[in-house]
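Here are a few notes to go with the picture. Have a look at it, then read on.

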Amino acid sequence: MSKSRRWITLLLAVIALVLIGWNLKNQDSPAPVVIQDDQSPTYTSATTHSVVYNPEGGLAYKLDSQKVNYFDNTQVTWFDNPVMITYDQQKAPAWSVKADKAKLTKDRMLYLYGHVEVRALSQDARIERMTTDNAQVNLVTQDVSSDDQVTLYGQGFSSTGMKMRGNLRAKNAELLEKVKTYYEIQNQH
């Protein structure tokens with residue numbers, strides 16, 4: 001081997017060692033840090049339609065919304081203009097629940113905010129409609145409550161109270177504080 005070939009081989013070997021060392025150095029550097037913005041939703045969706053079934057396979061409720069924002073860090077979902085339809089054991093629509101906004105938490109509680117209206121969808125319901133500013137619905141038990149003023153409308157009556165507890169499945173509601181009831185008495189001729 002000639003002297004020039006040895007020098008070229010030695011030079012290429014040194015270059016190869018430098019490149020290998022440089023490559024290994026870059027692999028040991030820490031991964032870039034990704035800053036997560038806790039204020040931004042993980043995903044956003046427009047015009048959603050969700051269908052939820054109970055453990056027996058029957059339709060539990062449908063939830064429609066104009067916009068949905070999901071936050072993975074808190075496992076909270078926000079809905080704009082939600083409309084929820086609940087179903088009874090016979091799979092018939094039972095209640096329509098509307099609000100300006102709603103928040104669904106990981107423990108399946110639905111918090112309703114602004115112009116909340118719960119309307120009976122069955123003809124035999126004694127309570128036809130409930131209105132309030134804020135309410136909570138447990139989507140598992142279908143317990144409903146509000147600590148704001150609530151007005152109940154039924155066949156021939158309306159009642160207003162400062163708190164309400166009830167159950168959509170059992171089709172009942174109880175006003176708890178400062179209750180005023182007005183009856184419409186119809187003349188029978």
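1. Start with the overall build: the chain has a radius of gyration of 31 Å, whereas a compact globule of 189 residues would come in near 16 Å. That radius is taken over C-alpha atoms, and the globule rule is 2.2 Å times the number of residues to the power 0.38. Along its principal axes, the C-alpha trace spans about 130 × 35 × 25 Å.

2. A word on where this comes from: it is a predicted model, where local features need pLDDT of at least 70, side-chain atom pairs count only at pLDDT 80 or more, and totals for chains, interfaces and linings use all residues. Residues are numbered from 1 along each chain as its sequence is written, and side-chain values use heavy atoms, with hydrogens and water left out.

3. Now zoom in on Leu121, which sits in the loop between β7 (109-120) and β8 (127-138). Leu121 counts as partly exposed because its relative accessibility is 36%. Leaving out residues up to four places away in sequence, Leu121 touches Ile85, Pro93, Ala94, Trp95 and Ser96; a contact means heavy atoms within 4.5 Å. Ala94 is 27 residues away along the chain, yet the C-alpha atoms of Leu121 and Ala94 are 5.0 Å apart.

Notes: Helix = DSSP H or I, 4+ residues; strand = E, 2+ residues; numbered from the N terminus. Buried < 20%, exposed > 50% of the residue type's maximum accessible area, 1.4 Å probe, protein only.
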